[in-house]
Amino acid sequence: MTMANITINGQKISTKAGITVLQAAREAGIDIPTLCDHPALSAVGACRMCIVEIKGQRALQTSCTFPVTEGMEIQTDSKMVTDARKLVLDMIFSERNHFCPYCEMSGSCELQDLGYRYRVDHWVFSTYTKAFPLDATHKYYLMEHNRCVLCGRCIRACDELVANHTLGLGQRGSESMVRADANILLGESSCISCGTCTQVCPTGALFYKRSAFMGKDSLTTKVKSTCNQCGIGCGTEVVTRGGNVLGILGDWDAPVNKGLLCKMGRFEPLYDSRRRLTAPLLRTKGKLKEISWEEAIQTLAKQINTVKASEIGVLSGSYSSNEALYLIKKLFNEKLQVSNIGLTNAVAPRIFDKGQSKLEDITKSDIILVAGSDPLNDQPVASFIIKRAVDKGARLIVVDDKINGLAPFAFMNVDMAGISKAVEVTKRANNPFILYGAGITKTAIAELKKLKDKANYIIVESGVNTVAAAALGLNNGYNPAGLKLLYVLMGEQNYEGADLFKGVPKNAFIVVQASYLSPLTEWADLVLPAAIWSEQNSNLTNIEGRIQKINKAVEPAGEAKPDWEALQLLSAELGKNIAVSIDKVSAEVMKSLK
Amino acid sequence: MAKVRIATDWLAGCAGCHMSLLDIDERIVKLSELVEFTSSPITDLKHPPKEGVTVGILEGAICNTHNIEVAKQMRERCDILIAVGDCATFGGIPAMRNLVGTDAALKRAYIETESTVDGVIPDSDELGKPLDMVVGVDKVVKVDLFIPGCPPRADAFYYALTELLAGRTPVILPPELFTYD
């Protein structure tokens, strides 16, 4: 690595040659104000806030784009620099409506922070007059062009991070505007509602509708957690105020998603209109009636004690936490000797002996083969990574018998029967990457095996915590015939229709542990209300095998309890005390999942 | 020592800044040992005395010809002019009118409002004429100190006045008192 010796404000610094002046200054703890700069995005030098004086340069230079070279002498806070920054700021403030009192983002606005820092206490130039449109057509967020400073962060996020290319810049000069597609409304555009643009916007130009005017940033609490909408396990920050969830942000520090989220993770949990279950329910004289947890657990224990182990069945949805799945295994399988345990979703087969790669490795590959899974619709954040790689020149091959969301981005689309063609092409790649899911056929498995020496791979399991369920062996041997008691661990999963109970004898006692009222709970004899993603401490295992924490942000609705807690109450009632605390259960889970 | 004389007035504002000035609470007693509040919208004397005052305080934006007259008179009769609040410093809420235009705003307010029947836009020689543009006070007279805020914190008023009384200029508001909302 070549080093460069530079001087910033008289301070001698040795730094890597070729990094930008801004990076060098930050590494040395020297603060340079920025507006269009964002750590996750490329530097474009749009706002001119980061200008510095560099000896020998004709004019002030944007430090975010200027590389350091040996002997460079830089002034970041000279009068010339601060005067110029003030001028830049006065000009930004002179266009559009940057008036704080009626802006949603006041208090967490980077432009406001700069106004305070440089003491903008009146408009030096003319007062704003031109009105720009407010685009409220999007379901989840507002685009208020009057607050826009044209920093282009949203455009870069849409291009560089999500690779969706919906946003762009239209017109010239003071008429410039961020536009969706060919200048159409955001709500009618190719936007996939991932919301990344709202998260990078430095001002109040893009913000969530749901949480608008429900509390400034300083009044809210942020809890780091993990998204449980699919198997990717994106890191989130849950924003709460007064016991209510206001919004969900992507966690920039999270290793899996690095700040990104999709519609499923960022918005849909907040727009869930299903009715919550808030108390245990027991069927008495044909109708479900509210009972206490004590009564519910006692009733369940009594029922379990009256039947033989061979007459008990357990069905688990993959929404359940590591802890709950572990307790199912421990209590039903190991202690009660129940072997009739199944998972509601299919598990993909193992094909390769070597270990899985990480999602981020996709970007290093030259050919990406996706078989029997549809990440664009089912694991959108994984599709962002794939599309990003495609943008950089990687070739995408989609193998699927169904319509696949990634098909339009692929250079080759074949069905399962034609997979040999795809494998032939993949063989020729230097660094191929395979993503496959449970939709893969026997022929396809045999074909993919041919790539075992070369390819990196990830199994894109459907559902949420399928990896943990499969690792604990909960996916084999369920048979509804002859059951007298069926325990269904459903969690937040949406299960319409009653085909789940196909073959279950009519007189069997059905226990459903779920968060929402559904046809499933209508079938049950005993319903246990489960806490949802925001209401519990637990862990999930993602498709890479990472164990990640869900942290409680708000109290559970009504009497609802985390899935694992209910199972622990049951094990205690049955005299099979398994573990005493979440930490202890978690520790055991970690051991058994390794 | 003679008391320092202060005059205040409001333009296109909501009186909120004056309320915030009164929010300095009991400190106003201490302050009035050192200063004399002459004219203000909330005292009997409405115009700054001809012989002049040391400090003039203006709240509100410039939105009509009357506002210009009041601002000019205050400027002529004071040594130090302070623009207080977001309307006087930036144009504030009244400046939202600029986005639709004065004619459209008047028409909407006096004629098209859902609750109005046979409305007319007031037009009298006694009234100031609305301007095409709503602007901050500094666009018509020279301003010596800006205290933004909606309203400025009571502590900001107190801080600025005590600094001036101590002869410390220019007044630099501490960060916690420099706010836009």
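In the predicted model described here, A:Gln493 lies in the loop between β23 (485–491) and β24 (509–514) of chain A, helices (H or I, at least four residues) and strands (E, at least two) being DSSP runs numbered from the N terminus. With a relative accessible area of 19%, A:Gln493 is buried; buried denotes under 20% relative accessible area, exposed over 50% and partly exposed the range in between (1.4 Å probe, protein chains only). Apart from its neighbours within four places in sequence, A:Gln493 is in contact with A:Arg274, A:Gly317, A:Ser318, A:Tyr319 and A:Thr344, contact meaning heavy atoms within 4.5 Å.

Residues are numbered from 1 along each chain as its sequence is written, and chains are lettered from A and ligands numbered from 1 in the order in which they are written. Because the model is predicted, local features need pLDDT of at least 70 and side-chain atom pairs count only at pLDDT 80 or more, whereas totals for chains, interfaces and linings use all residues; side-chain values use heavy atoms, with hydrogens and water left out.

Two further buried positions are found in helices of chain A. A:Val589 belongs to helix α16 (residues 582–593) of chain A and is buried at a relative accessible area of 1%. Beyond its neighbours within four places in sequence, A:Val589 is in contact with A:Asn322, A:Glu323 and A:Tyr326. By contrast, A:Val589 and A:Arg275, separated by 314 residues in sequence, are 31 Å apart in space, C-alpha to C-alpha. A:Ile92 is placed in helix α2 (residues 79–94) of chain A and counts as buried at 16% relative accessibility. Neighbours within four places in sequence aside, A:Ile92 is in contact with A:Leu35, A:Cys47, A:His98, A:Leu111 and A:Val149. The C-alpha atoms of A:Ile92 and A:Cys148 are separated by 9.7 Å, the two residues being 56 apart along the chain.

Rings of Phe, Tyr and Trp (its six-membered ring) are taken to pair if their centres lie within 6.5 Å, with planes under 30 degrees apart counted as stacked, over 60 as edge-to-face and the rest as tilted. A:Tyr140 and A:Phe267 form a stacked pair, 4.5 Å centre to centre with 5° between the planes. A:Tyr140 lies in the loop between β6 (134–135) and β7 (141–144) of chain A and A:Phe267 in the loop between α6 (263–266) and β14 (281–284) of chain A, so the pair ties together parts 127 residues apart in sequence. A:Tyr140 counts as buried at 4% relative accessibility, as does A:Phe267 at 1%. The pair of A:Phe352 and A:Tyr436 is edge-to-face, because the ring centres are 6.4 Å apart and the planes stand at 65°. This pair links distant parts of the chain, 84 residues apart: A:Phe352 is in the loop between β17 (341–343) and β18 (367–371) of chain A, and A:Tyr436 in strand β21 (residues 432–436) of chain A. Both A:Phe352 and A:Tyr436 are buried.

Charged groups also sit over aromatic rings, as defined by NZ of Lys or CZ of Arg within 6 Å of the ring centre and within 35 degrees of the ring normal. A:Arg96 lies over the face of A:Phe132 at 3.6 Å from the ring centre, and the charged end of A:Arg276 is 5.8 Å from the centre of the ring of A:Tyr516, over which it sits.

An automatic or database domain assignment divides chain A into domain 1 (3–77), domain 2 (120–271), domain 3 (281–347 + 467–593) and domain 4 (359–460). The C-alpha centres of domain 2 and domain 4 of chain A lie 30 Å apart, and 20 residues of domain 2 are in contact with 12 residues of domain 4. Between these domains about 1,200 Å² is buried, 68% of it given by carbon and sulfur atoms; buried area is the accessible area (1.4 Å probe) that two parts lose on being put together, summed over both. In domain 2 of chain A, the most area is lost to domain 4 by A:Ala163, A:Ile232 and A:Cys262, together 33% of what that side buries. One salt bridge is counted between the two domains, a salt bridge being a side-chain nitrogen of Lys or Arg within 4 Å of a carboxyl oxygen of Asp or Glu. A:Glu360 forms a salt bridge with A:Lys258, with the closest N and O atoms 2.7 Å apart.

Between the chains, 26 residues of chain B are in contact with 21 residues of chain A. Chain B and chain A bury about 2,000 Å² between them, 64% of it on carbon and sulfur atoms. On the side of chain B, B:Phe90, B:Leu99 and B:Tyr180 lose the most area to chain A, together 35% of what that side buries. B:Phe90 and B:Tyr180 also belong to a cluster linked by ring pairs, together with A:Phe93, A:Tyr116, A:Trp123 and B:Phe178. One salt bridge is counted between chain B and chain A; the side chains of A:Lys216 and B:Asp181 meet in a salt bridge at 2.9 Å, N to O.
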